[in-house]
Amino acid sequence: MLTVYRRIENRLAAAEAAAAALKDGSAVWVDLLRPTEAEEKLVEDAYCIDAPTEAERAMLEYSARFYEENGALVLTATIVTRGPDDKPQSGGVSFILTKQNTLITVRAIEPFAFRVGQGRATARVDNAEDGADVFMALAEGIIERLADVLQEISVRAQKVSATVFNARHFGAADMRPALAELAYLGNLTTLGRDSLASLERLFAFTRTRCDAHGLPGDQIAALTRDAEQLNRQGDAMQDQLVFLLDGVLGLVSANQNVALQRLSVAAMVLVPSTLIASIFGMNFEAMTIFKTPWGPWFAFGAMIVASAGTFAFARWRRWL
């Protein structure tokens, strides 16, 4: 899908005729979301660039992600977002700042920062004068969204900790929901850290090209520091999730040991009864008890007394 934004009534808005906006040079931001070959060729011909393909956006080599070509600055970052089913996903997003100072974005995912008019940083896109302003607004929106994601992970991890390590019901709760939640949070944290590491590299390269492309160096430096601090916060969050996972697995193992202990005691309680039944099963002539009418009742009583005595002994030794 091709969307072209230009200045309309002192604000940035989508142009109704994308092709016309590309031809008359009024485009400030050209957004390519899963573009067709025709849409991609239209933009490439208009600005004499070669937009990175999806395979090229997935490459991790420094030279493949950050470079200058025909006067345009090409930057690719890995951005984390959520899909329609709320599952975390990430993908490469390319930012191309042309020599006409028009920003071109190429992507296959829909990060929240690109939803114009929704959110704090994206609201600043409306006031963008040129492509450099749009790039800064999108970069700030991405950083702010990653900060929100880490904050959400922290809150949800605290809820898991309160549930798992509840003093009144310690180890009694079902651990399966906690394991599923920790798996989700761990995956989201990993993707977030990958995205932050990618943005750190992007900002570091951009700082060396600020003057040539009209980008504010001080704001780029501030975004670099924000990305570094969030990455450290992500490291601490990863350690917390690992601790919680170890705690949950430890409780699962402890619960299994308690269950096995109870089964062992139950088997031990039945051993005397089994022994008595085996003795009375020996039908020797000298054992006249087999010929008395109260013999079976005596056997049943002996089994009950033996089992109760074994159970009482286990409780006394605190095996139960």
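Residues are numbered from 1 along each chain as its sequence is written. Because the model is predicted, local features need pLDDT of at least 70 and side-chain atom pairs count only at pLDDT 80 or more, while totals for chains, interfaces and linings use all residues; side-chain values use heavy atoms, with hydrogens and water left out.

**The largest core**

Select Trp29, Phe95, Phe135 and Phe203. These residues have the most contacts inside the largest nonpolar core, which has 58 residues. A nonpolar core is a set of buried Ala, Val, Leu, Ile, Met, Phe, Trp, Tyr and Cys residues joined through side-chain atoms within 4.5 Å. Buried means under 20% relative accessible area, exposed over 50%, and partly exposed in between (1.4 Å probe, protein chains only).

Now colour the elements that give two or more residues to this core: β3 (27–33), β5 (72–82), β6 (88–97), α6 (131–164), α7 (176–207) and α9 (217–280). Helices (H or I, at least four residues) and strands (E, at least two) are DSSP runs, numbered from the N terminus. Which element gives the most to this core? It is α6, with 16 residues.

Next, centre on Phe203. Apart from neighbours within four places in sequence, Phe203 is in contact (heavy atoms within 4.5 Å) with Ala139, Ile143, Ile220, Leu223, Thr224 and Ala227. For a second, separate core, of 18 residues, select Leu2, Val4, Tyr47 and Val106, which are among its members.

**Ring pairs**

The structure holds 7 aromatic pairs. Rings of Phe, Tyr and Trp (its six-membered ring) pair if their centres lie within 6.5 Å; planes under 30 degrees apart count as stacked, over 60 as edge-to-face and the rest as tilted.

Show Phe95 and Phe135. Their ring centres are 5.5 Å apart and their planes stand at 80°, so this pair is edge-to-face. Phe95 belongs to strand β6 and Phe135 to helix α6, so the pair ties together parts 40 residues apart in sequence. Phe95 is buried, at 4% relative accessible area, and Phe135 is buried with a relative accessibility of 4%.

Then move to Trp297 and Phe300, an edge-to-face pair with 6.0 Å centre to centre and 80° between the planes. Both lie in helix α10 (residues 295–316), 3 residues apart, or about one turn of the helix. Are they buried or exposed? Trp297 is exposed, at 63% relative accessible area, and Phe300 is partly exposed, at 44%.

**Last stops**

Select Tyr5, Trp29, Phe95, Phe114 and Phe135, which ring pairs link into a cluster. Finally, find Arg145, which lies over the face of Phe112 at 5.3 Å from the ring centre. A charge sits over a ring if NZ of Lys or CZ of Arg is within 6 Å of the ring centre and within 35 degrees of the ring normal.
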